[in-house]
Amino acid sequence: MTDTPRLVVGPFNRVEGDLEVHIEVNDGMVASARVNAPLYRGFERMLEGKDPRDALTITPRICGICSISQSVAAARALGAAMGISPTPQGGAMAALIHAVENVSDHLTHFNLFFMPDFARPVYAGRSWHGRAVERFTAIEGSAVRQSVEARAKLMHILGLMAGKWPHTLAIQPGGVTRAPGPRDKIRIETSLRAFRGYLERVLFGAPLEEFIALETPEALVRWGRGDIGLFLEIAQDLSLESLGAGSGRYMSFGAYPLENGHGFASGIWEGGIAPLQTTGITEDLSHAWMLGETAHPMVGMTRPDEVMRDAAYSWCKAPRLDGRPIEVGALARQIIDGHPLARSFDGAGVLGRVAGRLLEIARTQLFMEQIARDIDPAARYMVQGKLPEHGQGVGLVEAARGALGHWVRIERGRIASYQIIAPTTWNFSPRDAQGTPGPLEAALVGAPVGQGETSPISVQHIVRSFDPCMVCTVH
Amino acid sequence: MNVLWLQAAGCGGCTMSLLCAEDPDAFETLGGAGVKFLWHPSLSVETGTEVLAILDAVARGEIALDVLAVEGSVARGPRGTGRFQMLAGTGRSMLDWVRTLAPLAQNVIAVGTCAAYGGVTSAGGNPSDAVGVQYEGAHSGGALPADFRARSGLPVINVAGCPTHPGWVIETLLLLKSGAFETSDLDVLGRPLFYAQHLVHHGCPKNEFYEYKASAVELSEIGCMMEHLGCVGTQAVGDCNIRPWNGEGSCTRGGYPCINCTGPEFEEPRHPFTETPKIAGIPVGLPTDMPKAWFMALASLSKAATPPRIARNAVASRVEVPPTIRKPRGGA
């Protein structure tokens, strides 16, 4: 009926894992999009029949960039089945370890994955292009190099307290395996001080507290300092605030559970805050190469459709909350936690998602510094627990990219079922039985496509603004 | 020397680990030595059709490929089609791409245990029918046949580890660049000897506990983890405790056992990872090259000789009894 051109965009790089985006173009704009996660490994199936403790070794290896998030979710799920929680100091140390990973991921995203697109020749002639080339050319850019160095140094905290990164076994249902001594506390504080120095010199160009005090998009775009200043200048010139707008529906499982509440709150946001209710979570399989019915993850299954039926187009299931898609990530977390700048980006596109992440880097640095100050080198960092013969547990955490849940059922002392919904499973979900597209699929509609573009730059910006982790998505 | 890096069915963690290289960083070290990424999925600017052009040019022989680095295992499923992992935008499976590109490369590196032997991606019932590039577990012959040789004459170099230490990958690349790398530099499982000639046990801070078989009973206790907690550092290859991770870390320094992540089939130890299998109360599995009778004799002797300081610290979460200090004789 139409001569709508179709484009297949892939390999889609500078995202974690494999991604292929199919778009239909009409009148120079994306008319519809389908997102394909083209890798299936079957982690949930691997875990069936195993000793439940083995989930602590295997699930981190779902993902080399969100490894600790997977550790923490598994530890929480097993802890729930055992009926134990980490000791207060053990839980705080796990939160610190987790926060280091999340901040590192945000930093990697901004410098290595997202910003290099602005150094592309397509933007030659823009007033900022020369600076973007100098700072953010992939691999070579000076900002790229500085961020990799700062990240590696920050991760000394992980060497010290988690043995290594990625893939640690340090995080356990009852706390962490290594108790810090007085010199460890000093070392952690030293690493954090050095990281703050980098952030304030390079990324923010000013004290973090000044950035955290911003409340409006107008104040934000006047920032003008550090690499963030360059990004904001680019964002204004390219109108990134309106590109790839979201639905305004957000969810957070709550980040960093501590003795007296979360570091960043849990909840649902749709024009206002509501408490998180996970009973309304289902996974729809209508457009996934998966067999079975729509189900809550505690009863859901993962059975791949080996014939890869034509009606489906991704290995990714379509998670829904109360039957509807929902966006997760740093912006969602900061909106739900009530930060005024984040809330001013309710429903935002590329600029808002990136701003949410930058705001979270600053706020998480303060959070980590507080935990480090509160380390008690005489405290107990782990308790022991016993797994039940029969039971179940849920582990809900916030990975860098958003809400991550593990649902485990134990029968006869073995894993009977293990279901995982990762952040990008939410954000990059395919259509559901009603034909409702996932958050990225919806956000891509209306993106401009220039004459002759085969991998449209607007699609690149929108996709990367979500910071997808595709290896987590299907697992 | 150019490097084409493909991420097959893995977690991407070996790339993330590579970025933890320090003094200088990975980009500085590799770039400074003349090692350039022809394309790397996480790091390069090229995307979509730009990548297809690079792959086509290599496949047609217009770009001479020095190193093909494969991270992640190769999915052969479902039903031998490889369609559990299609390389996005190409309509072809990763299995197909690896088989196409490997014979064109001067050298092929399997980065990480998934790429080397199948690794965690092949755990459980191996849902995606994953294999290593040239091994299936400990058996030679994976996505590529056992007799595959790269143009240099070397088999696939297995830089195994889950993840790999950034130094292992970098030094392998730089040794290849220098031309000083031969088959004799690999162990019997294709791993570079410069790290595979060490055991994780070497330099482990729990060595004194090991000497007396003063064992931690539960995770979070600082004693040796061999007897009860599944640690196989005396059998696993790796210089993890000689050159630490992320500053000053290692698995055993972090208080959890070595699970032999550099070895084939580590993902299926046939017992819980953090529990030592025993027969009649005696741990199964001996330190490498140790005769069983001698080990049993020495273990029972040393256990009986354990000083109280070591016995007590072994089951504590931090040092409770410091070493006795004997002041030098003489003086005031």
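Biologist: Which residue just after H3(A) takes a positive phi?

Modeller: Gly83(A) does, with a phi of about 80°. Helices (H or I, at least four residues) and strands (E, at least two) are DSSP runs, numbered from the N terminus. This is a predicted model, in which local features need pLDDT of at least 70, side-chain atom pairs count only at pLDDT 80 or more, and totals for chains, interfaces and linings use all residues. Residues are numbered from 1 along each chain as its sequence is written, while chains are lettered from A and ligands numbered from 1 in the order in which they are written.

Biologist: And H3(A), is it buried or exposed?

Modeller: 16 of its 16 residues are buried, so H3(A) is largely enclosed by the rest of the structure. A residue is buried if 20 or more other C-beta atoms, placed from the backbone, lie within 10 Å of its own.

Biologist: What should the 16 residues of that helix span?

Modeller: At 1.5 Å a residue, H3 (residues 67-82) of chain A should span 22 Å, and its end C-alpha atoms are 22 Å apart, which agrees. The expected span is 1.5 Å times one less than the number of residues.

Biologist: Changing topic: how many residues of chain B are in contact with chain A?

Modeller: 62 residues of chain B are in contact with 72 residues of chain A. Contact requires C-beta atoms, placed from the backbone, to lie within 7 Å.

Biologist: Which elements give two or more residues to that side of chain B?

Modeller: They are helix H1 (13-18), helix H3 (49-59) and strand E5 (86-87) of chain B. H1(B) supplies the largest share, five residues.

Biologist: What is that side like by class?

Modeller: The side of chain B that touches chain A has 30 nonpolar, 24 polar and eight charged residues. Ala, Val, Leu, Ile, Met, Phe, Trp, Tyr, Cys and Pro count as nonpolar, Asp, Glu, Lys and Arg as charged, and the others, Gly among them, as polar.

Biologist: What domains does the assignment give for chain B?

Modeller: Domain 1 covers 2-194 and domain 2 covers 198-315; such bounds come from an automatic or database domain assignment. Taken over C-alpha atoms, the centres of the two domains of chain B are 31 Å apart. Their contact takes 17 residues from domain 1 and twelve residues from domain 2.

Biologist: How many residues does chain B have, and what percentage are buried?

Modeller: Chain B has 332 residues, of which 55% are buried. Its secondary structure comes to ten helices and 13 strands.

Notes: Contact = placed C-beta atoms within 7 Å. Buried ≥ 20, exposed ≤ 12 C-beta atoms within 10 Å, placed from the backbone.
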